[in-house]
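Reader: I would like to learn how to read this model. Please take me through it feature by feature.

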2 protein chains.
Amino acid sequence: MLEDYTELIADLIAANGEARTIDIARRLGVAHPTATKTIARLKREGLATARPYRGIFLTEAGEAMAKRVRERHRLVVDLLIAVGAPREAAEADAEGVEHYVSQATLRAFSDFLRRREA
Amino acid sequence: MLEDYTELIADLIAANGEARTIDIARRLGVAHPTATKTIARLKREGLATARPYRGIFLTEAGEAMAKRVRERHRLVVDLLIAVGAPREAAEADAEGVEHYVSQATLRAFSDFLRRREA
DNA sequence: TGAATAATATAGCTAATGCTATATCATGGT
DNA sequence: ACCATGATATAGCATTAGCTATATTATTCA
């Protein structure tokens with residue numbers, strides 16, 4: 001979950017200049033206390049910071065995680081589409097699948113896609 | 001989790017003629033009370049039955065689930081290998097990935113594999 | 001400025017998944 | 001037949017992820 005949160009927070013900051021708890025909750029389809037609690041966990045683990053009633057910010061570790069997660073997400077979506085999954089299914093499935101794909105498999109995905117492009 | 005349990009119980013019955021709680025726990029790398037609790041949930045949801053101190057048995061619904069899960073698992077492993085993932089990574093990753101692959105994507109996997117075979 | 005609204009925070013509940021520790025039941029070997 | 005051992009069951013605890021309900025703080029607008 002922390003991975004999803006960091007990715008989303010990075011997205012929101014890029015899009016809106018800030019990441020509010022309520023937007024995070026909305027985008028994840030979750031009640032805000034749930035988001036608040038997970039954000040507290042992000043802080044506890046040094047991935048995010050927040051001042052009360054201000055937005056959420058990522059630490060360096062949080063940004064690094066967000067970047068890694070975003071790249072992995074794209075790779076998974078692209079691979080699924082490359083083997084014939086409908087775009088919508090690929091996007092939806094990737095959300096769950098991405099958390100279980102090892103480095104070795106990701107590398108294979110990347111190589112496969114490069115071959116396909118050529 | 002229920003999916004993993006039904007699949008494993010079916011495996012154990014096929015291999016040993018019975019599925020004991022302790023073997024389930026061992027195979028899943030979990031303490032036995034954890035397995036006991038999840039088996040209780042299987043029973044509650046009509047997927048399994050058990051008489052105290054006897055083995056665990058699947059209901060029809062449980063068997064159906066086990067079959068579906070096993071086929072899906074193989075499809076995911078085969079697809080991962082087909083795109084170049086090392087066999088071990090494919091086996092390990094499939095364990096998590098399989099729970100997030102939609103019908104549409106599974107069909108794509110199946111078609112892709114058939115094309116590759118030809 | 002003050003009040004309404006929107007956002008955030010907090011408290012307290014449920015369920016799933018995990019654990020350790022303890023107690024009970026079954027079985028096998030002497 | 002009995003007892004040790006192994007399997008099972010039960011109790012109690014922690015964490016994560018979710019919820020509703022309530023309270024508090026910011027902001028906006030009249």
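Reader: In what order do the elements of chain A run from the N terminus on?

Author: Elements are DSSP runs numbered from the N terminus: helices are H or I with at least four residues, strands are E with at least two. Chain A runs α-α-α-β-β-α-α-α. Its secondary structure comes to six helices and two strands. Two notes on reading follow. This is a predicted model, where local features need pLDDT of at least 70, side-chain atom pairs count only at pLDDT 80 or more, and totals for chains, interfaces and linings use all residues. Residues are numbered from 1 along each chain as its sequence is written, while chains are lettered from A and ligands numbered from 1 in the order in which they are written.

Reader: What box do the C-alpha atoms of chain A fill, and what percentage of its residues is buried?

Author: The box is roughly 50 × 25 × 25 Å along the principal axes. For burial, count other C-beta atoms, placed from the backbone, within 10 Å of a residue's own: 20 or more is buried, 12 or fewer exposed, and in between partly exposed. Of the 118 residues in chain A, 31% are buried.

Reader: Which residues come nearest to DNA strand C?

Author: A residue is near a strand if its C-beta atom, placed from the backbone, lies within 6 Å of it. Around DNA strand C there are 18 residues, and Arg20(A), Ile22(A), Met1(B), Ala31(B) and Pro33(B) come nearest. H3(B) gives the most to this surface, with five residues. H2 (21–28) and H3 (32–44) of chain A, like H3 (32–44) of chain B, each supply at least two.

Reader: How do the residues of that surface divide by class?

Author: Ala, Val, Leu, Ile, Met, Phe, Trp, Tyr, Cys and Pro count as nonpolar; Asp, Glu, Lys and Arg as charged; the others, Gly among them, as polar. Near DNA strand C there are 10 nonpolar, five polar and three charged residues.

Reader: Which residues are closest to DNA strand D?

Author: Met1(A), Ala31(A), Pro33(A), Arg20(B) and Ile22(B) are the closest of the 19 residues surrounding DNA strand D. Here H3(A) gives the most, with five residues. The surface near DNA strand D has 11 nonpolar, five polar and three charged residues.

Reader: At what angle do H2(B) and H3(B) pack?

Author: Under 35 degrees counts as roughly parallel, over 145 as roughly antiparallel, 65 to 115 as roughly perpendicular, and the rest as oblique. H2(B), residues 21–28, packs against H3(B) at about 110°, with the axes 8 Å apart. The two helices are therefore roughly perpendicular.

Reader: Which residues of H2(B) and H3(B) meet?

Author: Contact puts two C-beta atoms, placed from the backbone, within 7 Å. Thr21(B), Ile22(B), Ile24(B), Ala25(B) and Leu28(B) of H2(B) meet His32(B), Thr34(B), Ala35(B), Thr36(B) and Ile39(B) of H3(B). This contact has six nonpolar, four polar and no charged residues.

Reader: How many residues of chain A are in contact with chain B?

Author: 22 residues of chain A are in contact with 22 residues of chain B. On the chain A side, H4 (60–82), H5 (87–97) and H6 (103–117) give two or more residues each. That side has 15 nonpolar, five polar and two charged residues.

Note on methods:
Axes fitted to C-alpha atoms, helices over the stretch in contact; angles between N-to-C directions.
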